[in-house]
Each structure stands twice: as C-alpha cells, then as structure tokens.
Amino acid sequence: DRVKADDETASRLQVTPGTKIHRHQKLILADSEPVSMHILYFTNEIAVRVNLYLANTFVFRMMERARFRVHQTRFEFAALALNNDHSALFKKPAGFPMGVLYFTPLTKSEKPILTGTTLFCSDRFVFEFFVPHSRL
C-alpha cells in the first residue's frame, strides 16, 4: 500500500516527511503461530525494481535479485511493548514484550535503498550475523 512517510521513516529514507511512499507488510508464521512482522518502506524509484520479488522473498535476497548493490546496512535492535494494532496479529496482549529491528541498506554513496522494521517475538526468533572486517 501507499502511505505518507512519518518523521522517522522519512529521515531513514532521506525524503521529506509526508512524502507518499510504498509500504509492504509480511506476517511470518512458525508452527502456524505468528513470530514476526516485516514492514518495508521504499520510494517509487525502488518499487519498480522490487515489486516482482516482494511476495515471496525476504528483503536481502530481494535486493540481490533486483540487482541492488548494498554497500553497508545500518541495524538498530531494541525492545518494545506490543501495541493494540499488532496484538491481535500476534495473538498476544497489548504490552507484551517484543523485539524490534530497524534496518536501512545503503549504497556506496550512503543513499538509502529502503528501510524496514521487523517486529518479533523474542522467545521465538534468532538473528545470526556474519560481519566481515576490512583489513587496514
């Protein structure tokens, strides 16, 4: 769907707050139970390249298939209380402790390709990272 970028999302995408952007939401199930919600935000320019892959591919594989060159990605991990909007989706009461991951893949010139949020049940989710370090 299309939404107006709030201040935080606009800052991450480097667009003016209120700009119409694309939002794609995907609820992920494990053993028929919701464990995470992925929300991506991106501009029209990016939509042309990713729309074909949105429904059945996770974000980093999608960007690879759409031939984006990600130079680096900013990740922010946090905890939050489940809000009323998402409590029914997760079948948990409002206020339930959740994990949240904000991420923004960047080009070599540090231009955001898109930005995303993953809301997850911390008792059912594991993130694994391989972080190469450049040699000086």
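So, A81: its bridge partner in β5 is P97. Another such pair is F77, whose bridge partner in β5 is L101. Before I go on, this is a predicted model, so local features need pLDDT of at least 70, side-chain atom pairs count only at pLDDT 80 or more, and totals for chains, interfaces and linings use all residues. Numbering starts from 1 along each chain as its sequence is written, and side-chain values use heavy atoms, with hydrogens and water left out.

Those two pairs belong to the β4–β5 pairing, where 10 bridges join β4 to β5 (residues 97–106) and the strands run antiparallel. Strands here are DSSP runs of E, at least two residues, and helices are runs of H or I, at least four residues, numbered from the N terminus. Two strands pair if DSSP finds at least two bridges between them.

On to β6, residues 115–120: β5 pairs with β6 over five bridges, again in the antiparallel sense.

How buried is β5? Eight of its 10 residues are buried, so β5 is largely enclosed by the rest of the structure. Buried means under 20% relative accessible area, exposed means over 50%, and partly exposed is in between, with a 1.4 Å probe and protein chains only.

Zooming out to the sheet: it's open, has six strands, and the order is β1-β2-β3-β6-β5-β4 with antiparallel pairing. β1 (2–4) and β4 (72–81) are the edges, each with a single partner strand, so one side of each has no neighbour in the sheet. The twist averages 25° from one strand to the next; axes are lines fitted to C-alpha atoms, and angles run from 0 to 180 degrees between N-to-C directions.

Now two side chains. S87 is in helix α4, residues 84–90, and counts as buried at 14% relative accessibility. What does its side chain sit by? A polar atom of the S87 side chain lies 3.2 Å from the backbone oxygen of N84. Leaving out residues up to four places away in sequence, S87 touches L82, K92, P93 and A94, where contact means heavy atoms within 4.5 Å.

The other one is T57, in the loop between α2 (44–50) and α3 (59–65). T57 is buried too, with a relative accessible area of 6%. Its side chain makes a polar contact with the side chain of N56 at 3.2 Å. For a polar contact we want a pair of N or O atoms within 3.5 Å; within protein, one must be able to donate a hydrogen and the other to accept it, and residues adjacent in sequence count only if both atoms are side-chain atoms. With the sequence cutoff of four places again, T57 touches K26, M62 and R65.

Last, the whole thing. There are four helices and six strands, and along the sequence they follow β-α-β-β-α-α-β-α-β-β. The radius of gyration is 16 Å, close to the 14 Å the globule rule gives for 136 residues, so the protein is as compact as a globular protein of that length. That's over C-alpha atoms, and the rule is 2.2 Å times the number of residues to the power 0.38. The C-alpha trace spans about 45 × 40 × 25 Å along its principal axes, and 38% of the 136 residues are buried.
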